[in-house]
Amino acid sequence: MKMIEGHAVIDVPDNVPVWDIDPYNPEILANPLNYYAELRAKGPFAYIPKYGILACGRHKENKEVFSDWERFVSSRGVGLQDFKLGKPWRDPSIVLEVDPPEHGRTRKILMRLMSPKVMRTLADDFQLAADRLIDELLEKGTFEAVTELAEVYPTTVFPDAMGLRACDKRRLIDYGAMVFNALGPDNDLRRKAMATAPDIVPWITEQCLRENLKPNGFGAAIYAAVDEGEITEEEAGMLARSLLSAGVDTTVTGLGSALWCLATNPDQFELLKSDMQLLRPAFEEVLRYTSPVHSFCRTADIDTEVSSIKIKQGTKILCVLGAANMDEDQWPGATKFDISRKPVGHMAMGAGVHGCVGQNLARAEVQAIFTAIANKVDTIKLAGEAVWRPNNAVHALDSLPITFTRK
Ligand code: HEM
């Protein structure tokens with residue numbers, strides 16, 4: 001069996017075009033729109049010889065592959081590596097990288113602590129922190145929105161909500177970026193990210209221990225499930241790790257992208273200020289339009305068929321969520337950022353049983369920032385060039401100079 005990047009190389013299925021491209025090329029990762037459009041134009045799937053995988057870009061196939069856990073499993077890894085054929089760099093996540101019925105046991109616990117009811121108890125603190133931050137930034141006028149807003153806000157409210165006793169903002173952000181880069185091939189991005197592992201991973205593991213979590217946060221609620229006999233002490237540490245892996249860098253990315261959308265679409269910001277009912281749909285449109293998590297994999301666990309294409313057991317499929325979210329068949333005028341669109345069914349938070357368990361938290365954070373901005377800020381303008389940072393699974397800004405004027 002021929003292997004590339006830890007998975008079996010498949011033969012090209014009938015009626016699938018071969019596309020000689022590297023989806024992990026840093027230029028494509030930074031500016032992916034043309035790649036997304038070309039991928040969709042290839043049909044339901046394209047075969048990518050560099051990695052011996054299939055990729056799908058249309059909404060229809062992405063939805064089908066991403067949400068059908070019986071045929072397309074997560075337990076064989078959601079990156080390029082097939083966990084059935086080799087040991088991953090860290091123990092697999094017991095929620096993201098596991099299939100039902102086992103998945104339901106751990107997911108249920110996270111769902112409980114991320115419920116809308118729990119989010120309501122956090123809303124006032126979130127709003128206070130958002131109002132304070134936006135006031136500070138208005139004082140400055142011009143600022144760097146990635147480092148001074150997008151990175152600051154989640155690393156202020158999330159550690160408190162989690163109940164972390166120690167907070168190292170840099171390590172929290174960089175851990176997420178590392179975990180996401182690890183899903184790609186053995187390229188420069190992955191190697192550089194993994195070089196930080198010996199420093200970051202032991203720190204993260206330590207913060208997930210019961211004694212390092214305050215009594216009133218998500219962490220303590222996870223350990224309460226141990227006391228109820230639902231999970232073991234070790235599993236609780238793993239679930240806490242899942243929140244630290246997926247809960248910071250994603251929200252930092254979403255917030256940065258939200259600011260970029262508002263700064264580059266002043267008409268939409270005017271609309272947002274004139275109708276606060278649009279706060280929620282506006283973030284959904286940010287998610288659709290920018291797809292913070294641009295691609296994740298699934299592995300076919302049986303021989304099967306999607307859109308009349310025969311797919312062999314063991315095939316790695318790159319689900320390009322960013323391309324699905326720009327599919328004109330699903331979203332007419334997809335390349336326009338339109339906050340009145342209400343893009344129900346976008347793929348930015350996934351779909352099916354693994355759909356983002358932290359989405360209520362991400363929405364609560366962005367809702368608080370949007371509220372503060374809509375109440376206090378008159379105009380948002382770019383004060384320099386927006387630069388995107390390549391990552392094997394996340395589409396994030398590296399730099400976003402912004403000027404706010406006061407209402
Ligand atoms: C804008 C912010 C966010 C985005 C775009 C995002 C995106 C996603 C996506 C696409 C998935 C599906 C993965 C898959 O099916 O393989 C996912 C799952 C997950 N997310 Fe998020 N996420 C965000 C915020 C958060 C936050 C704040 C947390 C927790 C504090 C979180 C925790 C998780 C976990 C634990 C999973 C795995 C769920 C499962 O497998 O059942 N995410 N997220």
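Reply: Let's start with contact: two residues are in contact if their C-beta atoms, placed from the backbone, lie within 7 Å. Helices (H or I, at least four residues) and strands (E, at least two) are DSSP runs, numbered from the N terminus. This model is predicted, with local features needing pLDDT of at least 70 and side-chain atom pairs pLDDT 80 or more, while totals for chains, interfaces and linings use all residues. Residues are numbered from 1 along each chain as its sequence is written.

Me: Thanks! Which residues of helix 11 are buried?

Reply: Buried means that 20 or more other C-beta atoms, placed from the backbone, lie within 10 Å of a residue's own. In helix 11, which covers residues 218-227, these are F218, G219, A221, I222, Y223 and A225.

Me: Which helices do they pack against?

Reply: Their partners are helix 4, helix 7 (152-162) and helix 12. After helix 11 comes G229, with a positive phi near 80°.

Me: What surrounds the ligand?

Reply: We look for residues whose C-beta atom, placed from the backbone, lies within 6 Å. There are 25 here, and the closest are G247, G254, G350, C356 and G358. Helix 4 (102-113), helix 12 (233-246), helix 13 (249-264) and helix 17 (359-376) each provide at least two residues of this shell.

Me: And how many helices and strands does the protein have?

Reply: The protein has 17 helices and 14 strands. Its radius of gyration, over C-alpha atoms, is 21 Å, close to the 22 Å from the globule rule (2.2 Å times the number of residues to the power 0.38) for 407 residues, so the protein is as compact as a globular protein of that length. Buried residues make up 48% of the 407.

Methods: Buried ≥ 20, exposed ≤ 12 C-beta atoms within 10 Å, placed from the backbone.
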